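Student: I would like to learn how to read a model of this kind, going from the overall fold to single contacts. Could we begin with the terms and then turn to the case at hand?

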Amino acid sequence: MKFIETRGNDGQHPEKVSFSEAILAPIASYGGLYSPESLPDLGDHFLQHHLASDYKTLAKAILSRFEIDIDEAVIDQALSLYSQFDDPSNPVPVVKVKHDLYVSELWHGPTRAFKDMALQPFGVVLSSIAQSRNENYLILTATSGDTGPAALETFKNKKNVQVACMYPDGGTSDVQRLQMVTEDAANLKVIGVKGDFDDTQNTLKRLLASNTFKAKLKEKNIHLSAANSVNFGRIIFQTIYHVHSYLELVRQNAISLAEKVYLNVPSGNFGNALGGYYAMKMGLPVEKILIASNKNNILTQLIGTGCYDLRESTVVATTSPAMDILISSNVERILFDLFGDERTQELMTQLNEKKHYQLTGNELKQLQAIFSADFCEDKEGKQYIKDTFADGYLMDPHTATCFKTYDTCRDKPLKTIVYSTAEWTKFSPVIANALTGEVDTQDIDALQSIAKKAGITIPDIINELFDKNIAQKTIVEKKEIETEILSFL
Ligand SMILES: *Cc1c(COP(=O)(O)O)cnc(C)c1O
């Protein structure tokens, strides 16, 4: 399969690229993205055929339909990492929470958030492409908390790859920070930045676009790449768990084969939702994809009105920080898939230059045939956490936003799969507050009180973080980041 560009071709980039090329250099002509030229059709018998397949077998079958230029042995090695999730035979448990609401838990990997679903296999694939080309890569990441730990975990000690990971000092939870600063592999550099996430993110964007920075890397024989969620190497692994979760409902006798369901996704950069959209287009029986946001509700606006408007908006901090996003990058791939490259270029140019765009009535109708959206305020989310805990299920604040869309966005009584994107351990102060009213500033206090209240134990993998050696001690001003990275290399 080849990949083409969402904003058309500028005559300088190649018109089509392979999967590995799309991974190594993810930015296409006019700042666009690479998208599959066409999507494979799973076909009538695929779901039936894979009813008894385990996760890895299913994943291999789906990936083989994409016909990507990665050796089977590498794919096997990449997928074998799911065997290190809590239950090797079922890395993504799907739990019934109430009558027609099922939760698909995407956080049973090493860093306890759903970023592992894609980044774990992605690390193997990227490192193996770099090795086979005999090239060295620097992966730059900026994180508000979940991507950083997952990227470090996947690339640690991998050949031909080094990682520089920047986080806002004081802007992550204790657990998230400890997950990063206790990583001690020689190919990893973690940098705390004085400032907020936007400062960190802007520095990343500046470095990725800087020709002088790239020239300095070239002297060291290093190429620059990024592991953010616009990279198709991550998206491809996010189609799989949607198919798996559907099959899990069939196996639990909740639905019969071919019965339609709602997919209900907490969204920021729209990677998870895009994976669901691709799965639907490949033939998964999905009625609609419900998009949940927090107060940063730009997606609710887009799907409700067809208007994407950044003019009056600034990012506000919420209790679901991984969704505190206004520029939702993967929406571009939906626009491209529905309306083509010329129209996508037009819309993205308007967004860049005028800070807004408006879909036509017909375009909006097409969008609404697939998606429905709403947003959940922190106060409502807190109530959902509390009520759902009383019903016997403990969830994190990102997952909680989906309970709002479950209540407001469904117009048919169909089974609904809510995607849970983080374990309770990653956002414990918010959850402890919801359950008991206490206000904890330290994660360790919140973790202990939730464990006590719920009668569960804090997982070792989290508990151990508090006793580990701090290996990464760098905290710098924004302007010192570049020097810091170059001296690490
Ligand atoms: C990254 C993240 C999200 C948002 O996922 P997208 O694919 O960017 O929409 C939601 N919840 C958590 C916990 C995350 O880490």
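Tutor: A residue is called buried under 20% relative accessible area, exposed over 50% and partly exposed in between, with a 1.4 Å probe and only the protein chains counted. By that scale, 59% of the 489 residues of the protein chain count as buried. The model is a predicted one, in which local features need pLDDT of at least 70 and side-chain atom pairs count only at pLDDT 80 or more, while totals for chains, interfaces and linings use all residues. Residues are numbered from 1 along each chain as its sequence is written, and side-chain values use heavy atoms, with hydrogens and water left out.

Student: How many helices and strands does the protein chain have?

Tutor: Helices (H or I, at least four residues) and strands (E, at least two) are DSSP runs, numbered from the N terminus; the protein chain has 22 helices and 15 strands. Its radius of gyration, taken over C-alpha atoms, is 21 Å, close to the 23 Å from the globule rule (2.2 Å times the number of residues to the power 0.38), so the chain is as compact as a globular protein of 489 residues.

Student: What span does helix H11 reach from its first C-alpha to its last?

Tutor: The expected span of a helix is 1.5 Å times one less than its number of residues. Helix H11, residues 237-251, reaches 22 Å, close to the expected 21 Å. Of the 15 residues in H11, 14 are buried, and just after this helix Asn253 takes a positive phi of about 60°.

Student: Which residues come nearest to the ligand?

Tutor: A residue is near a molecule if one of its heavy atoms lies within 4 Å of it. Of the 15 residues around the ligand, Lys115, Asp146, Gly268, Asn269 and Thr421 come nearest. For polar contacts, we look for a pair of N or O atoms within 3.5 Å; within protein, one must be able to donate a hydrogen and the other to accept it, and residues adjacent in sequence count only if both atoms are side-chain atoms.

Student: Where does Thr474 lie, and is it buried or exposed?

Tutor: Thr474 is in the loop between helix H21 (460-463) and strand S15 (475-476), and with a relative accessible area of 15% this residue is buried. The side chain of Thr474 makes a polar contact of 2.8 Å with the side chain of Lys189.
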